[in-house]
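Good morning, and thank you for making time for this item. Please turn to the sequence and the structure on the screen.

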Amino acid sequence: MKQVTKSICAILLLIQGLNLEAQNLKSMSLNQLLEQAQKSNPSMLLAEQRIEKVRKLQASAFNIQSPEVLFEAPTSTELRPGVLQNIDFPTRYLRNFQTAKKETQITAIEKEMAWNELRLKIRLTYTELQYLKEVYESYLQQDSLLEDLVEVTGIRHQVGQISALEKLNAEAQYKEIRYQLGQVKTRLQTTRLSLALLTGNPSDSSLNSSEALAKAQVQSPLQEDAFAGNPQNKWYEQNISLQHSKLKQERSGWFPGLVVGYLNQGPDQTPLNYRMRYGFTLPLWFWQNISKVGAQKKELEIAEQQALVNRYGLTGVYQETLSGLKQYGEALNYYEQTALPQASQLAREARESYRLGSIGYYHYLINLQQVIKIRLGYLEALKNYNQTAYTFQFLKGE
């Protein structure tokens with residue numbers, strides 16, 4: 001019993017040390033991190049700048065050619081100024097504006113895509129951080145138990161109760177746990193830095209999760225066309241609409257333009273209406289328009305095919321995600337309904353058997369290690385389930 005008491009005290013001291021270290025960390029919830037990333041992440045700021053750029057370019061849709069200022073000598077005695085202005089057919093400007101508006105819309109969808117991807121990365125990283133914290137605490141418990149085991153086996157070896165092989169085995173297990181502790185601690189630091197980068201604060205290495213690892217809630221995935229709200233899907237659909245608009249824009253090049261000008265070619269007394277020039281442009285060089293319209297038709301076909309390929313890709317990922325949800329959900333059910341209750345019973349039986357003297361300290365620790373091993377398996381299944389659930393949310397655009 002003294003060894004058990006000593007182990008419990010050591011575990012408490014280690015956990016207390018971990019809590020002191022956590023006091024220097026900045027605990028944040030997942031929603032707080034998402035809000036911070038939406039405001040500070042460079043990719044989000046860049047997406048907003050692109051939207052502003054396209055909005056400013058909408059005014060250029062009414063692209064009227066610069067007027068020509070002419071000087072001619074119709075009377076052969078003096079130069080007289082004139083102005084000539086070419087104007088496209090009004091439909092051309094309307095098509096240009098419609099195309100510019102759709103380009104603004106598609107840029108806004110690109111921002112949604114960037115946010116959807118960033119949101120997934122933060123959720124996955126946050127889940128990884130929660131998982132590693134739980135694993136670290138489990139390894140701390142094993143470390144304390146095996147430290148006592150090494151001490152006990154050393155004493156028993158000296159008095160000849162056990163062989164050198166058992167002593168070496170205990171030491172090897174202890175060194176393995178110490179190695180795993182170091183690895184998990186390094187992964188924790190790396191994960192915190194990854195979160196800092198994703199939230200737009202690369203120098204902040206103090207981010208920590210304020211929420212324990214718990215099963216994520218997933219709405220019923222059995223829906224037809226469940227990823228219709230995915231921004232990537234919306235982008236391809238909007239791109240088809242944009243290419244349609246560009247095709248109309250190119251076809252408007254078939255319409256004649258207008259020419260309006262002013263030049264006094266007669267005496268100074270010539271009435272104003274005879275000083276004006278009126279005319280129109282003829283798109284005689286038809287091969288240019290035919291080529292542009294044909295190329296734009298092909299661009300529309302490409303956009304439609306890309307949308308189809310994208311839907312096939314999303315469907316494949318969607319089916320894989322559903323399969324993963326089922327697989328990891330079954331694993332969680334196994335741990336929650338069978339493995340974890342058995343582990344609790346094993347821990348109780350081991351403590352009672354050790355108290356009654358039915359088993360020695362070595363076998364008691366082996367049983368506790370098995371309990372911790374089951375706990376680690378449960379944590380990994382829970383992490384995998386949550387990350388798959390977040391991937392499912394990503395596909396739905398949530």
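Please keep in mind that the model is predicted.

Let me begin with the cavity. A search of the whole structure finds one cavity of 30 Å³ or more. The space within this largest cavity amounts to about 40 Å³.

Which residues line the largest cavity? They are Met-113, Asn-116, Glu-117, Asn-230, Pro-231, Gln-232 and Phe-394. Sorted by class, this lining has three nonpolar, three polar and one charged residues.

As to where the lining comes from, helix H4, residues 90–158, and helix H6, residues 231–251, each provide at least two of its residues. H4 accounts for the largest share of the lining, with three residues.

I turn now to Phe-255. This residue is located in the loop between H6 and strand E5, the latter covering residues 257–263.

What does Phe-255 contact, once its neighbours within four places in sequence are left aside? Its partners are Phe-89 and Thr-91. A further relation concerns Arg-92: the C-alpha atoms of Phe-255 and Arg-92 are separated by 8.2 Å, while the two residues are 163 residues apart along the chain.

That concludes my presentation, and I thank you for your attention.

Notes
Residues are numbered from 1 along each chain as its sequence is written. This is a predicted model: local features need pLDDT of at least 70, side-chain atom pairs count only at pLDDT 80 or more; totals for chains, interfaces and linings use all residues. Side-chain values use heavy atoms; hydrogens and water are left out. On a 1 Å grid over the protein atoms alone, a cavity is a set of points where a 1.4 Å probe fits but cannot get out, and a pocket is an open set with protein on both sides within 12 Å along at least five of seven lines; lining residues have an atom within 4 Å of a point. Grid points are joined across faces, edges and corners, and a volume is the space filled by probe spheres set on the points. Helices (H or I, at least four residues) and strands (E, at least two) are DSSP runs, numbered from the N terminus. Ala, Val, Leu, Ile, Met, Phe, Trp, Tyr, Cys and Pro count as nonpolar, Asp, Glu, Lys and Arg as charged, and the others, Gly among them, as polar. Contact means heavy atoms within 4.5 Å.
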